[in-house]
Amino acid sequence: MTASAVPLSRRSAAVLGVASLAGLMMLCWPLLVRVDPGTTRVDPPFLFLALLPVVIAVVLAEVSEGGLDPRVLAVLGVLSAVNAVLRGISAGTAGIELVFFLLILAGRVMGAGFGFVLGCTSLFASALMTAGVGPWLPYQMLVAAWVGMGAGLLPRRVTGRWEVAMLAAYAVAAAYGYGILMNLSSWPFLLGVQLPGHTGSLSYVPGAPVLENLQTFLVYTLLTSTGSWDTGRALTTVVAVVVLGPAVLATLRRASRRATVVGRVDPVRA
């Protein structure tokens, strides 16, 4: 494939970069904002919660500023629906997630802009189907959008078996990265976190030094999700990419060629 299904202008790319930075700051706010020591209830800055859905909406509007081609929109709708069904089937049991492999493959073929939009729409559609709408949804949409966008930014020159190997390696990084960031979105609100085999609390401590809270969070993530949910997600995605990747990539590329018009229209001289 030589053209992106959702081309990004310089302004769209700049908006996407700024929004991604803002989203990352919203996820990392417990490590960036000074919270008064002794605070018994930790609340995120209200502005952050209000801004996150707005940031996602602005980015989606900016990415599709030129209007999506109806054929691209149809492909986006089909893939979003398929991903929503796959997420409903897997439901994240024991870390088994079937969403990410299609998201990664579609982002690889259709480009970073399409991958970002597909990540948002897939998680939103699946949340509606499974009644999973909640304050965590904007975070899930944003991080999944980064997964699809990152796949679209991988080197284009890699092809064949090396391409599948590259996508499998990216799937591992994306699976663990998704787990870490989603843990970070909820960890500050968990009180009295104590796990077998570890002495002391793993809860967020308001007013504690940043490095201390960061170390506590990394231990919490390692003990709660890295060896279980995140590893299950990584293995599931890698197996799906390796087994189904070549066939799905070929199918998506055929669909992309039919959905993407490449060329220039010259003005007609009178």
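**Entry 1: the whole chain**

I started with contacts, meaning heavy atoms within 4.5 Å. Among contacts between residues at least 6 apart in sequence, 78% join residues at least 24 apart. I noted that this is a predicted model, where local features need pLDDT of at least 70, side-chain atom pairs count only at pLDDT 80 or more, and totals for chains, interfaces and linings use all residues. Residues are numbered from 1 along each chain as its sequence is written, and side-chain values use heavy atoms, with hydrogens and water left out.

Next I looked up the helices and strands. Both are DSSP runs numbered from the N terminus: helices are H or I with at least four residues, strands are E with at least two. The protein has nine helices and zero strands, so I wrote the pattern down as α-α-α-α-α-α-α-α-α.

Then I checked burial. Buried means under 20% relative accessible area, exposed means over 50%, and partly exposed is in between, using a 1.4 Å probe and protein chains only. Of the 270 residues in the protein, 48% are buried.

**Entry 2: helix 4 against helix 6**

Two packed helices are described by the angle between their axes and the distance between the axes. The axes are lines fitted to C-alpha atoms, for helices over the stretch in contact, and the angles run from 0 to 180 degrees between N-to-C directions. I looked up helix 4 and helix 6 (residues 112-130), and they pack at about 45 degrees with their axes 8 Å apart. That makes helix 4 oblique to helix 6. For the label, under 35 degrees counts as roughly parallel, over 145 as roughly antiparallel, 65 to 115 as roughly perpendicular, and the rest as oblique.

The crossing of helix 4 and helix 6 is right-handed.

On the helix 4 side I found residues including Val 72, Leu 79, Asn 83 and Arg 87, and on the helix 6 side residues including Phe 114, Leu 118, Leu 123 and Ser 126. By class, this contact has 13 nonpolar, seven polar and one charged residues. Here Ala, Val, Leu, Ile, Met, Phe, Trp, Tyr, Cys and Pro count as nonpolar, Asp, Glu, Lys and Arg as charged, and the others, Gly among them, as polar.

Is Arg 87 buried or exposed? It counts as buried, at 18% relative accessibility. Leaving aside neighbours within four places in sequence, Arg 87 touches Glu 97, Val 99, Leu 123, Ser 126, Ala 127 and Gln 140.

**Entry 3: helix 5**

Helix 5 (residues 99-110) packs on helix 7 (residues 137-152) at about 40 degrees, with the axes 6 Å apart. That makes helix 5 oblique to helix 7, and their crossing is right-handed. In helix 5 I found Phe 100, Leu 103, Ile 104, Gly 107 and Arg 108, which meet Ala 144, Val 147, Gly 148, Ala 151 and Gly 152 in helix 7. I sorted this contact into six nonpolar, three polar and one charged residues.

Leu 102 is in helix 5 too, and it is buried at 6% relative accessible area. Not counting residues up to four places away in sequence, Leu 102 touches Leu 79, Val 82, Asn 83, Leu 86 and Val 248. I also checked Val 241: it is 139 residues from Leu 102 in sequence, with 8.2 Å between their C-alpha atoms.

**Entry 4: salt bridges**

Side chains of opposite charge can pair when their charged atoms come close. A salt bridge needs a side-chain nitrogen of Lys or Arg within 4 Å of a carboxyl oxygen of Asp or Glu. How many salt bridges does the structure hold? I found three.

Glu 163 pairs with Arg 108, with the closest N and O atoms 2.8 Å apart. Glu 163 lies in helix 8 (residues 160-186) and Arg 108 in helix 5, so the pair ties together parts that are 55 residues apart in sequence. Both Glu 163 and Arg 108 are buried, Glu 163 at 4% relative accessible area.

Glu 163 also forms a salt bridge with Arg 253 (2.6 Å, N to O). Arg 253 is in helix 9 (residues 210-259), 90 residues from Glu 163. I noted that Arg 108, Glu 163 and Arg 253 are linked in a network of salt bridges.

Asp 230 and Arg 233 make another salt bridge (3.0 Å, N to O). Being three residues apart in helix 9, they are separated by about one helical turn. Asp 230 counts as buried at 1% relative accessibility, and Arg 233 does at 8%.

Key: A crossing is left-handed if the near helix is turned anticlockwise from the far one by less than a right angle, and right-handed if clockwise.
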